[in-house]
Amino acid sequence: MREYLTETLILDKTAANENDLTADLYTKELGRLRAKITSGQKIISKLSPHLEPLNFSLIRLTEKNGFVLADALTQNHIEPFSQNLKLLAAIREMIFSGESDSQLWFWLKKSLNSQKQISFSQFLKILGYDPKLASCQKCHSKFVKYFLVPDQIFVCPRCVFRVPFNMLLLEL
Ligand SMILES: [Zn+2]
């Protein structure tokens with residue numbers, strides 16, 4: 001059994017049943033991962049407040065047939081402004097790697113803590129989608145203004161009206 005102590009951004013938490021909780025995490029040391037809390041209601045009640053989405057928390061994990069969350073402590077809670085929730089949703093849809101990415105980690109910390117406008121252009125560039133090199137997937141215009149997360153394509157302001165409303169769209 002291995003043990004890890006790492007800072008993490010909480011992406012989501014879901015209750016499987018009364019005694020089971022799964023936390024969806026983007027960690028500094030291990031990238032994206034899911035961890036279970038299975039020690040019963042008392043432990044869940046204690047840890048749950050530290051596992052709110054948009055929390056930066058320090059967590060202790062053990063690994064043996066998957067990750068188990070042993071402890072969590074809130075370091076900072078980020079306000080659920082719409083751009084912050086959008087960034088969280090984009091991370092959930094775009095990042096699956098269980099490997100650390102220090103550039104992304106420090107950018108997330110800086111961007112979410114600064115309370116300024118989030119630069120989705122920078123976010124996409126770190127993930128390997130450089131808006132400067134992109135063109136609209138639908139009309140090939142070089143003037144891209146949006147990134148459609150489910151399809152992972154850039155779109156220009158003219159073509160954005162053809163994108164369904166409920167799809168996750170990042171404005172550059
Ligand atoms: Zn276009």
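## Two domains

The chain of this predicted model is split into domain 1, residues 1-117, and domain 2, residues 119-172; such bounds come from an automatic or database domain assignment. Taken over C-alpha atoms, the centres of the two domains lie 27 Å apart.

Residues are numbered from 1 along each chain as its sequence is written. Because the model is predicted, local features need pLDDT of at least 70 and side-chain atom pairs count only at pLDDT 80 or more, while totals for chains, interfaces and linings use all residues.

## Where the domains touch

In domain 1, 10 residues are in contact with nine residues of domain 2. Contact here means that the C-beta atoms of two residues, placed from the backbone, lie within 7 Å. On the side of domain 1 that touches domain 2, the elements giving two or more residues are α2 (82-94) and α3 (102-114). Helix α2 gives the most, with six residues. Helices are DSSP runs of H or I with at least four residues, numbered from the N terminus.

By type, this side of domain 1 has six nonpolar, two polar and two charged residues. Nonpolar covers Ala, Val, Leu, Ile, Met, Phe, Trp, Tyr, Cys and Pro; charged covers Asp, Glu, Lys and Arg; the others, Gly among them, are polar.

## Residue L47

L47 is part of helix α1, residues 41-47. L47 counts as buried because it has 21 C-beta neighbours inside 10 Å; the cut-off for buried is 20 or more other C-beta atoms within 10 Å, with C-beta atoms placed from the backbone.

Beyond its neighbours within four places in sequence, L47 is in contact with I37, L69 and A72. A70 is 23 residues from L47 in sequence, and their C-alpha atoms are 8.9 Å apart in space.

Terms used:
A residue is buried if 20 or more other C-beta atoms lie within 10 Å of its own, exposed if 12 or fewer, and partly exposed in between; C-beta atoms are placed from the backbone.
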